[in-house]
Amino acid sequence: MAANVESMFYTRTAPWHGLGTKVIEAPDSKNALALAGLDWNVVQEPIYTGIGESVEGYKANIRDTDRKVLGVVTDRYKVVQNHEAFAFTDSLLREGVRYETAGSLQGGKRIWLLAHMPHEYMISGERFSPYLLFSSTHDGSGAVKVALTPIRVVCQNTLNLALSTAKRSWSMMHTGNIQGKIRGARETLLMAEDYMDNLSQEFESLRKKKLSDKEVTDYIEVLLPTEDGSTPQQVKNMKRLQEDMAHRYFDAPDLQDVGENAYRFINAVSDFATHSKPLRKTANYRENLFSKTVDGNPLIDRAYQMMCAV
């Protein structure tokens, strides 16, 4: 397969270069494992030098289906199997959980699943559908992470803002009592409720912050600046990006009744950050976009910080 996607399934529109197995409805966890190509386990084995000496303090994480080495980790590293990741989400959301997409990146080194939470929220008169994104690594490069991703339903904009009042993601290291940590992570739902409540309050505050057309243009130029020493082509490219973002603020049909305010600006930036075509589409830009869904998109975060200061 192209890029870094090893296997996956999806519903509705194909993401990540159209790779994967399309299904009509989001499956339950048992079927999701198989459809996503994640029905395998990680085993840990000792490491030896070329002359047979044991390498103390380290183990190799190996996929049991093809003996592929996913990473070298310390003895303290605890494996979270793929089926445990799905079981965690099952137990967290219980009845009503449906998996929208799941899969393997970088040859099995990183796995993810996106689960649609069973209820939606009405915020400022608009419908938001929250998703829970579970991401884990098998190569020792990162923690187990759970992130809340609220989607504005009418336009599919991702609005997981970096609120100062509530966390949008939670993580746990691959060490210690993993099962205990997973059980404790069920507090995630309470955190998610807290985040959505605070998001609602923040959106109301952003709606009250009026912006003139000149201010919007100035903010866009700050977000997408033309650097000193830029070539004529670079200036032209940045101008095109600025015009694209402006179009998403002034002309988007779903924002016509929102008002000329900071909330509208955040939505325009989010639409640009998650849906615009880059100047140069690298082989892995979709995967990079996925990573920003987990960790937060820096451009959206910066726009939000700017609007907080208005």
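Contact here means heavy atoms within 4.5 Å. With that in hand, let's work through some exercises on this predicted model.

**Exercise 1. Classify the packing of helix 4 against helix 7, and find the residues that make the contact.**

Solution. 
- Step 1: Recall what is needed. Two packed helices are described by the angle between their axes and the distance between the axes.
- Step 2: Collect the values. Helix 4 spans residues 188-207 and helix 7 spans residues 262-275; they pack at an angle of about 110 degrees, with axes 6 Å apart.
- Step 3: Apply the cut-off. Angles of 65 to 115 degrees count as roughly perpendicular, and helix 4 and helix 7 are therefore roughly perpendicular to each other.
- Step 4: List the partners. Helix 4 brings Phe203, Leu206 and Arg207 to the contact, while helix 7 brings Ala262, Tyr263 and Ile266.
- Step 5: Five are nonpolar, none is polar and one is charged.

**Exercise 2. Follow the aromatic pairs of Phe203: which geometry does each have, and which parts does it tie together?**

Solution. 
- Step 1: The structure holds five aromatic pairs.
- Step 2: Take Phe128 with Phe203. Their centres are 5.5 Å apart and their planes are at 35 degrees, a tilted pair.
- Step 3: Check burial. Residues under 20% relative accessible area count as buried; Phe128 is at 0%, and Phe203 is at 0%, so Phe128 is buried and Phe203 is buried.
- Step 4: Move to Phe203 with Tyr263. The ring centres are 5.0 Å apart and the planes are at 65 degrees, so the pair is edge-to-face.
- Step 5: Phe203 lies in helix 4 and Tyr263 in helix 7, so parts that are 60 residues apart in sequence are tied together.
- Step 6: Finish with Tyr263, which counts as buried at 0% relative accessibility.

**Exercise 3. Find the aromatic cluster and the charged ends that sit over rings.**

Solution. 
- Step 1: Name the cluster members. Tyr219, Tyr249, Phe250 and Phe265 form one aromatic cluster.
- Step 2: Stay with Tyr249. The charged end of Arg264 sits over its ring, 4.8 Å from the ring centre.
- Step 3: Look at Trp40. Over its ring sits the charged end of Arg63, 4.9 Å from the centre.

**Exercise 4. Locate Gln106 and Ser124 and state the phi of each.**

Solution. 
- Step 1: Start with Gln106. Its phi is near 55 degrees, a positive value in a residue other than glycine.
- Step 2: At 39% relative accessibility, Gln106 counts as partly exposed.
- Step 3: Continue with Ser124, which is not a glycine either and has a positive phi of about 55 degrees. Ser124 lies in the loop between strand 8 (121-123) and strand 9.

Notes:
Residues are numbered from 1 along each chain as its sequence is written. This is a predicted model: local features need pLDDT of at least 70, side-chain atom pairs count only at pLDDT 80 or more; totals for chains, interfaces and linings use all residues. Side-chain values use heavy atoms; hydrogens and water are left out. Axes are lines fitted to C-alpha atoms, for helices over the stretch in contact, and angles run from 0 to 180 degrees between N-to-C directions. Helices (H or I, at least four residues) and strands (E, at least two) are DSSP runs, numbered from the N terminus. Angles under 35 degrees count as roughly parallel, over 145 as roughly antiparallel, 65 to 115 as roughly perpendicular and the rest as oblique. Ala, Val, Leu, Ile, Met, Phe, Trp, Tyr, Cys and Pro count as nonpolar, Asp, Glu, Lys and Arg as charged, and the others, Gly among them, as polar. Rings of Phe, Tyr and Trp (its six-membered ring) pair if their centres lie within 6.5 Å; planes under 30 degrees apart count as stacked, over 60 as edge-to-face and the rest as tilted. Buried means under 20% relative accessible area, exposed over 50%, partly exposed in between (1.4 Å probe, protein chains only). A charge sits over a ring if NZ of Lys or CZ of Arg is within 6 Å of the ring centre and within 35 degrees of the ring normal.
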